[in-house]
Amino acid sequence: MPQPVEEGAREEEAPLEEAGELRADGGVAAPVSTAQPVPQVSSSSSGEEDGDGDDEDAEGPLLPSCPVCMNAWTADGEHRVSCIPCGHVYGRSCLEKWLAQCGKKSATCPQCGKMFRQKNIINLYAPEVVVPNNDLEKQVLSLRDKNEVLENQQQKLFEEIKEYKRQILYQQRLINESSSKRQKMAEQSSDGAMDAESLPSLRAHGGSSDLCQFVLQNEFVLDGARVMGIDVSSQIIVASGRAPGVSAEHVLTKICMFSRQETKVRLPPNTKAVRDICITSGGLAIFASLGRKLSLLSMTTNNVVLQYDLPAPGWSCSGDQTGPNHVYAGLQNGMLLVFDTRQTKGPLHSLSGLSTNPVHTIHSVVDDSGSTKIISASSIGPCIWDVDGSENRPNLLTGTENQGVCISLACATPSSDLIVASFRPRVEFSGDGTASQMAISQSPTLSSSGKLGSHALLRRTSSTSFVKEQICNGNVSELRMSKSAIIPCSGNGQHIFAYGDESVRGVRTWLLPSFQPLADLKPHRQPILDLRFAASSTKKYLGCLSEEKLQVFRIRS
């Protein structure tokens with residue numbers, strides 16, 4: 001390319017080819033008749049700006065147009081895109097008109113004032129020039145993330161709709177069955193055949209023999225109840241709650257299942273809210289509380305006979321399957337403590353968890369070798385512990401790592417060959433640190449409360465190993481650590497899984513291991529807060545507790 005002559009100097013330039021064209025490598029090519037695509041270039045290709053640049057920037061990005069006539073240049077024709085030796089770009093017809101107005105063979109560049117001639121006008125065939133725009137790139141990435149979130153929301157909504165339709169069909173079938181049974185009950189009532197409220201019989205898939213029948217034996221009205229324990233041998237239920245009145249003390253309510261007599265047991269002021277209750281074979285009620293206490297209550301005298309100080313609020317407790325002396329407490333900081341009631345100073349062992357999340361459920365179980373293990377649950381999932389002090393940390397059960405937030409755990413005691421862990425969706429975070437799940441949580445739920453989660457069935461393969469066998473989608477609580485139970489059916493080796501479902505405000509049952517839906521028990525007006533199965537050699541009971549009501553079902557196999 002020829003060098004421009006300084007303004008005011010005489011022009012002695014090397015001749016260029018008439019109608020020459022500038023190649024991409026800077027050379028000059030012969031004229032070509034075929035038109036090329038319109039180049040997308042800035043109207044000012046040099047580092048200099050004219051006086052109007054600020055106004056144009058304020059209005060938005062510059063369009064590829066001729067700075068003389070402000071019209072877009074073309075790929076061919078009179079106003080095709082061209083440049084002069086100084087590097088500025090114009091429409092060719094505007095440059096030719098400018099030469100004609102000057103009345104000379106040469107003229108100055110309208111922008112920088114450098115001289116050029118007619119023969120110096122070069123036609124351009126430039127590829128498309130893209131000016132980087134960081135703001136636009138950020139907008140594209142943000143829209144892409146939002147689109148991904150919306151696609152995930154859509155998929156989850158489709159799953160919820162599918163589950164909702166399935167529940168509608170299931171409820172319709174139950175209504176039809178209930179109408180039929182009500183008619184039969186009316187026919188039998190004249191003969192005195194029905195002495196209690198019976199719920200639909202649960203039948204095995206493809207079979208004709210009854211698995212078991214839930215009969216509502218008692219229903220008690222409570223106020224502010226939270227958790228409970230069942231002592232089958234003495235037919236006593238212990239429920240925690242608050243006493244009526246301004247002081248609202250924390251109390252335990254002892255209820256006789258036959259006489260319906262209730263006794264209020266006031267707790268020490270520093271106990272605070274009771275999170276879990278367990279009845280031992282030795283006639284003691286163990287309860288863990290937020291006041292950092294593990295207390296043992298005599299069921300005979302209604303007095304606290306032993307109380308341990310805990311390093312953190314207690315969330316769960318359990319007795320021992322092999323004897324009356326060992327008790328266990330799960331803490332808010334993820335620890336598990338082992339106590340011997342013959343030693344009153346403190347715990348035998350203090351075991352650290354895999355996280356600092358609260359241990360909301362613990363079960364004492366016995367493996368095939370006769371050793372005691374603890375199976376616990378926190379939000380990270382179910383874990384198994386050696387409580388003899390040989391290992392300080394538990395092992396997370398395989399197959400449950402990516403299921404979500406574990407909110408419930410049911411065991412088939414005492415062997416715990418079957419476990420059902422319940423999960424709700426984990427809150428996800430987008431790249432900018434905001435919870436993308438927030439929008440999902442505002443999506444329609446399966447009913448007035450709850451969210452689509454899952455129940456995972458795990459079967460024992462060795463003393464410390466389990467394998468995930470089956471998954472079932474179901475409605476779970478969005479806020480509460482729900483309760484569940486596994487109920488053995490006598491004689492046939494089958495089990496029933498019961499879960500406090502907020503969508504029906506009652507207990508929903510499934511047949512294991514297939515998770516075939518069975519019956520929904522009589523609902524409450526409030527969500528189920530606790531669900532306990534208890535059995536002796538001759539009797540089986542299922543207790544269902546809400547804030548205002550306690551139901552006791554007799555299970556007949």
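**A walk through the strands**

I start with an open sheet of 4 strands, in the order β15-β16-β17-β18 with antiparallel pairing. Two strands count as paired if DSSP finds at least two bridges between them. Helices (H or I, at least four residues) and strands (E, at least two) are DSSP runs, numbered from the N terminus. The edges of this sheet are β15 (274-279) and β18 (304-309), each pairing on one side only. From one strand to the next the twist averages 15°; the axes behind that angle are lines fitted to C-alpha atoms, for helices over the stretch in contact, and angles run from 0 to 180 degrees between N-to-C directions. Inside the sheet, β16 (residues 284-289) and β17 (residues 293-298) are antiparallel and share 6 bridges. One of the positions to look at is Ala288, whose bridge partner in β17 is Leu294.

A word on what we are looking at. This is a predicted model, in which local features need pLDDT of at least 70 and side-chain atom pairs count only at pLDDT 80 or more, while totals for chains, interfaces and linings use all residues. Residues are numbered from 1 along each chain as its sequence is written, and side-chain values use heavy atoms, with hydrogens and water left out.

Now the overall numbers. The protein chain has 4 helices and 37 strands. Of its 557 residues, 46% are buried. Buried means under 20% relative accessible area, exposed means over 50%, and partly exposed is in between, with a 1.4 Å probe and protein chains only. Contact means heavy atoms within 4.5 Å. Among contacts in the protein chain with a separation of 6 or more, 49% are between residues 24 or more positions apart.

Next, β32 (495-501). Why call this strand largely enclosed by the rest of the structure? Because 7 of the 7 residues of β32 are buried. In a regular strand, side chains alternate between the two faces of the sheet. Here both faces are covered: His495, Phe497, Tyr499 and Asp501 are buried on one side, and Ile496, Ala498 and Gly500 on the other.

What pairs with β32? Strand β31 (residues 484-488) does, antiparallel and over 5 bridges, with Ile486 standing opposite Phe497. β33 is also joined to β32, by 7 bridges, and the two run antiparallel. Ile496 has Leu511 as its bridge partner in β33. β32 and β33 make a hairpin with 4 residues between them, and Arg505 in that turn has a positive phi of about 50°.

The chain then makes another hairpin, from β33 to β34, with 3 residues between the strands. These two strands are antiparallel and joined by 3 bridges, and Arg508 has Asp520 in β34 as its bridge partner. In the turn, Phe515 has a positive phi of about 60°.

Phe515 brings us to the rings. Rings of Phe, Tyr and Trp (its six-membered ring) pair if their centres lie within 6.5 Å; planes under 30 degrees apart count as stacked, over 60 as edge-to-face and the rest as tilted. The whole structure holds 4 aromatic pairs. One of them is Phe497 with Phe515, edge-to-face, at 6.2 Å centre to centre and 85° between the planes. Phe497 sits in strand β32 and Phe515 in the loop between β33 and β34 (516-520), 18 residues apart. Both are buried. Phe497, Tyr499, Trp510 and Phe515 form one aromatic cluster.

Last, Val227, in the loop between β10 (210-221) and β11 (228-231). Is this residue buried or exposed? Val227 counts as buried because its relative accessible area is 6%. Leaving out residues up to four places away in sequence, its contacts include Val238, Arg275, Ile277 and Leu545. Val227 and Leu529 are 302 residues apart in sequence, yet 6.8 Å apart in space, C-alpha to C-alpha.
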